[in-house]
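These are my notebook entries on a structure that I looked through element by element. I record what I looked up and what I found.

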Amino acid sequence: MSSAKKFDVIGHARRRVDGRAKVTGQLRYADDLTLPRMLHAKLLRSPHPHALIEAIDIARARSHPGVQLVLTGRDFPVPFGIMPVSQDEYPLAPEHVRYVGDPVAAVIAQDEQAASEALKLIEVTYRALPTIATPEEALAHPETRIHDYGESGNIHRNQAFEFGDVEEALAQSDHVFEDVFFFEGSTHMPMEQHAALAASEGDGRFTLWSSTQNPHYLQRQLARVLQLPAAHIRVIACDNGGGFGGKCDPANHEMVVSKAALMLGRPVKICLTREEVFYLHRGRHPVLMKFRTGVTRDGKLTGMHLQTLLDGGGYGSHGPASTFYTGVLTPLTYELPRFKFEACRVFTNKPACGPKRGHGTPQPRFGQEVQLDKIAERLKLDPADLRLNMVTKANSLTASWLKIGSNGLAECIRQVVEGSGWRQKHGKLPEGRGVGIACSSYMCGAGVSIYWNKMPHSGVALTLDRSGQVTVFCGATEVGQGSDDVLAAIVAETLGISTKEVRCVTGDTGITPVDLGSYSSRVTIMMGNAALQAAGRARDMLVTAAAEQLEVLPASIVLSRGRVFAAGDAAKSMSFAEAVVYAETKFGTLGTVGSYTPPKPPGKFKAAGVGPSPAYSFSACVVEVEVDEHTGWINVPKVWIAHDIGRALNPLLARGQVIGGVYMGLGEALMEEQVFRRLPPKLSDALVHKIPSLLEYKSITSLDMPEVEVILVEDPDPNCPFGAKEVGQGPLLPVMPAVANAIFDAVGVRIDEVPITPEKVLRALQLKREGKNPRVGPERFPDVHYAEPVFVLPPGEGGDGNETKDHYKQAVNKVAERAVS
Amino acid sequence: MNTMAKPIDRRKAHIRLRVNGEEVEVSFAPYKTLLEVLREDLDLTGTKHGCELGECGACAVLVDGQPLLSCLKLALECDGCSIETIEGLAEGPELHPLQAAFSDHGGSQCGYCTPGVLMTAKGLLDAEPNPSRERIKEALAGNLCRCTGYQQIVDSVEDAARVINEQRAKA
Ligand code: FES
Ligand code: FES
């Protein structure tokens with residue numbers, strides 16, 4: 001890329017700043033930490049999916065050798081939850097358990113062995129309640145309430161929005177396509193099991209080291225649960241051994257060790273077992289979806305009515321946001337004049353679902369992109385051309401009032417079509433082989449914070465001293481995605497030094513400025529912009545001092561490769577460290593700060609804050625498959641993916657994120673599922689996790705993984721630091737529908753749900769042989785009583801972004817009248 | 001609270017090991033796995049765990065030169081063995097070619113699977129200096145990585161093999 005030439009650091013493939021510690025085993029993850037006098041905690045979890053706790057007897061556990069403390073729900077009267085509207089969880093359930101694995105008691109002992117032994121001595125008397133296993137059951141049995149809050153019965157959230165009169169648009173379309181899809185739940189499966197270590201500092205203060213993606217939100221929730229001032233709590237996010245959204249929620253075990261450390265005055269550590277990680281979950285929501293989509297004869301969208309039903313599991317988690325996300329980002333990819341979505345999240349007696357890579361959007365994207373393939377087939381259009389002909393434009397507003405900035409989607413489609421040989425392959429490969437295409441878009445950070453406030457979303461502080469040392473502080477959290485590397489690169493580029501000269505101090509609420517956390521693909525953009533501001537301010541001071549010393553105009557000063565010099569005059573030059581000395585002499589001790597607050601969302605209706613983002617990334621993907629018609633086995637020999645990243649700050653890491661996203665997407669497409677079964681009645685009838693182990697939870701191994709050809713499309717976005725957009729989540733999204741579409745191209749069957757297993761392919765092939773509709777997928781969409789939609793006129797129809805309370809026609813009339821007068 | 005109870009004495013087992021070339025003696029509770037003894041009793045926390053059930057490969061170390069899942073091995077069975085862990089891979093400040101290649105090719109993202117992957121790869125390259133891409137994938141099939149999608153891991157091992165062979169040719 002020619003753009004790389006202008007920069008010393010940005011755009012060059014580099015070793016990541018934290019790489020050495022990772023390859024030498026020196027990096028300390030949470031469970032690698034120990035402190036003198038440290039104790040160990042273990043949690044007792046409910047064996048019932050739904051029950052009331054009638055009594056807990058902890059006497060025997062307390063007198064077990066080595067046991068220091070036993071905690072129960074009584075010790076935690078205050079509930080918590082990441083979203084202010086869903087504070088429905090207790091560190092230890094006081095009276096009501098809602099899934100197999102819900103924590104009810106904790107033992108803190110000298111070692112893990114003693115704690116485990118003591119857990120067995122706790123006697124809990126449960127009164128079993130009827131169990132809700134599926135969203136259909138949740139809707140059919142409002143009388144069995146899992147929570148006593150929410151919309152009604154077991155409905156947690158009910159959201160509906162209509163941008164323009166969709167029924168009218170559908171009525172005027174040449175074709176209306178109606179399809180139902182199902183996306184099974186899956187889990188993050190970070191390789192690191194969650195761990196946390198708390199240490200009291202006396203006077204009611206403590207420090208918690210944890211594998212958390214969001215130390216700031218965790219600090220707030222700890223303050224709430226423990227009823228302490230947040231300023232007395234220091235949360236240090238250790239480098240995460242992978243998160244993918246699974247370490248976003250504040251978790252029971254973090255509260256428990258904090259409380260125990262405060263009570264005992266000794267450090268307390270916990271590390272969840274792998275089985276417990278499956279129970280903590282917060283993964284992909286299983287979502288049933290119905291699309292009614294109107295198109296013109298030549299394949300342009302006219303309107304879409306999307307309905308979703310989310311299986312939320314036992315707690316709220318990020319559920320209110322997840323519910324929105326099954327709808328709001330849908331209009332980003334293609335021109336869609338009118339759009340209505342209705343979304344409903346229900347509680348069931350399973351581990352809570354929450355944010356997993358792509359948070360709420362992979363599910364509708366799967367449905368939308370598979371439906372487009374069906375539309376192209378029916379209209380006899382090439383699926384790539386169909387998409388190319390209607391991609392959204394740069395600097396435009398969607399019908400749903402999302403502001404799109406830079407937009408490289410068309411280029412992404414062109415590049416994957418070209419790279420994959422699409423035109424020679426689609427519809428032309430021998431039976432059993434096929435290619436499929438799909439696209440997507442994702443946000444670069446949520447435009448509003450999880451709790452309402454007008455403060456910055458990210459803050460960065462920078463210090464420099466006479467040694468030439470540069471230290472940058474930010475609350476952002478390294479979860480493996482490379483956030484420390486982004487931070488160092490932006491500071492280094494701005495100050496004309498190398499990333500090795502920048503020390504990053506991150507994810508520590510005790511010493512770093514607030515950053516909201518590693519979620520919603522926000523770090524590069526928000527932390528990056530804050531870092532750019534802080535570094536820019538430091539640069540100004542260096543320039544002023546150096547210009548004075550070199551007796552040149554400040555405008556002629558260049559900072560590059562560790563030197564500070566006058567452009568065009570080689571004699572007027574000094575080292576970076578010398579420039580810092582002059583600046584420190586002139587200004588005193590050097591320190592700057594920078595912060596970033598996202599732009600205001602263009603929509604003004606209620607909940608218009610969910611979906612807007614400073615920028616959107618775009619991706620297009622072609623997957624090739626080979627399907628064995630005898631076994632149903634699906635082999636993926638190759639994947640081509642183009643991702644519009646704006647600018648790749650470190651192409652090596654950016655490519656790694658893309659390939660990692662494809663990997664996780666293929667897993668969801670082909671095998672990953674977080675599923676449950678009922679034990680036989682004589683064994684309690686409980687609803688249990690089918691496969692809470694890494695062996696049984698199928699994921700892609702090195703042997704299954706196809707070659708991935710990555711194309712980075714660089715169209716810098718003005719809202720982003722050096723134009724860089726996100727890459728952590730977007731590239732996962734087009735993979736699942738591209739696989740489904742490739743299978744259709746290969747063997748002519750439609751699998752309208754994921755995972756697409758050999759068994760489903762065989763079933764569809766059998767239907768095909770019998771002359772029936774060769775489709776496997778959900779047959780019907782249940783009756784859901786959705787909320788009355790918030791009606792907003794799209795920008796293209798004269799709307800002003802506010803909700804229109806009147807009837808649609810009246811609203812249109814008013815606009816027309818205004819136009820006349 | 002039970003502060004007056006009898007102290008727990010679990011350190012009943014005692015073995016000698018050679019760890020990364022150094023002789024060590026260690027006492028521990030007899031039920032402990034090699035993984036636990038390395039991490040908890042020898043402070044070698046570079047070796048990770050993702051399941052403690054033999055399902056993920058994060059805990060792989062070399063025992064007498066062979067890759068082994070340390071979570072499945074009782075430490076008691078290792079008396080007199082020679083163990084190599086991630087901490088012993090670099091020679092002084094010099095990265096091992098595998099470590100350098102992982103840094104240069106993006107073989108490590110969150111880094112959590114990395115020690116296990118590196119030790120498994122070392123076991124492979126020690127035994128087979130010129131493995132094919134397929135062979136590398138096969139050797140690493142028991143090491144789960146949730147971040148990289150494996151492609152850059154395989155690239156890294158391939159490149160390290162090349163470098164090691166070049167170094168050998170020069171020597
Ligand atoms: S910890 Fe040993 S294989 Fe997972
Ligand atoms: S790098 Fe994160 S699990 Fe492999």
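**Entry 1: a sheet in chain A.** I began with strand 23 (residues 563–566) of chain A, which is joined to strand 24 of chain A by four bridges, the two running antiparallel. The model is a predicted one. Within this pair I located Ala566(A), which stands opposite Asp569(A) in strand 24 of chain A. I noted for reference that strands of a sheet pair through backbone hydrogen bonds, in either a parallel or an antiparallel manner.

I then asked in what order the strands of the open sheet lie. The order is 22-23-24 (chain A), three strands with antiparallel pairing. Strand 22 (557–560) and strand 24 (569–575) of chain A stand at the edges with a single partner strand each, so one side of each has no neighbour in the sheet. From one strand to the next, the twist averages 30 degrees.

**Entry 2: helices on the sheet.** I looked up which helices pack on this sheet. Helix 15 (residues 523–550) of chain A touches strand 22, strand 23 and strand 24 of chain A. The direction of helix 15 makes about 125 degrees with that of strand 22 of chain A. Helix 16 (residues 576–587) of chain A also packs on the sheet, where it touches strand 23 and strand 24 of chain A. The direction of helix 16 makes about 70 degrees with that of strand 24 of chain A.

**Entry 3: a helix pair in chain A.** I recorded that two packed helices are described by the angle between their axes and the distance between the axes. The axes of helix 17 (residues 651–670) and helix 18 (residues 735–747) of chain A come within 8 Å and cross at roughly 50 degrees. Helix 17 of chain A is therefore oblique to helix 18 of chain A. Their crossing is right-handed. From helix 17 of chain A, the residues that meet helix 18 include Val662(A), Leu666(A) and Leu670(A); among their counterparts in helix 18 of chain A are Val735(A) and Met736(A). I sorted the residues of this contact into seven nonpolar, one polar and one charged.

**Entry 4: a helix pair in chain B.** Helix 2 of chain B passes helix 5 of chain B in a right-handed crossing. Among the residues that meet are Leu98(B) and Phe102(B) of helix 2, and Ile153(B), Val157(B) and Ile164(B) of helix 5. The contact divides into nine nonpolar, four polar and two charged residues.

**Entry 5: two backbone details.** I reminded myself that most residues other than glycine have a negative phi, and that most peptide bonds are trans. The peptide bond from Val754(A) to Pro755(A) is cis, with omega near 0 degrees. Pro755(A) lies in the loop between strand 32 (753–754) and helix 19 (758–769) of chain A. Asn395(A), which is not a glycine, has a positive phi near 50 degrees. I placed Asn395(A) in the loop between helix 11 (383–388) and strand 16 (396–397) of chain A.

**Entry 6: chain A as a whole.** Last, I noted that chain A has 20 helices and 34 strands. The radius of gyration of chain A is 27 Å, close to the 28 Å given by the globule rule for 821 residues, so chain A is as compact as a globular protein of that length. Along the principal axes, the C-alpha atoms of chain A fill a box of roughly 85 × 75 × 60 Å.

Note on methods:
Residues are numbered from 1 along each chain as its sequence is written. Chains are lettered from A and ligands numbered from 1 in the order in which they are written. This is a predicted model: local features need pLDDT of at least 70, side-chain atom pairs count only at pLDDT 80 or more; totals for chains, interfaces and linings use all residues. Side-chain values use heavy atoms; hydrogens and water are left out. Axes are lines fitted to C-alpha atoms, for helices over the stretch in contact, and angles run from 0 to 180 degrees between N-to-C directions. Angles under 35 degrees count as roughly parallel, over 145 as roughly antiparallel, 65 to 115 as roughly perpendicular and the rest as oblique. A crossing is left-handed if the near helix is turned anticlockwise from the far one by less than a right angle, and right-handed if clockwise. Contact means heavy atoms within 4.5 Å. Ala, Val, Leu, Ile, Met, Phe, Trp, Tyr, Cys and Pro count as nonpolar, Asp, Glu, Lys and Arg as charged, and the others, Gly among them, as polar. Two strands pair if DSSP finds at least two bridges between them. The radius of gyration is taken over C-alpha atoms; the globule rule is 2.2 Å times the number of residues to the power 0.38.
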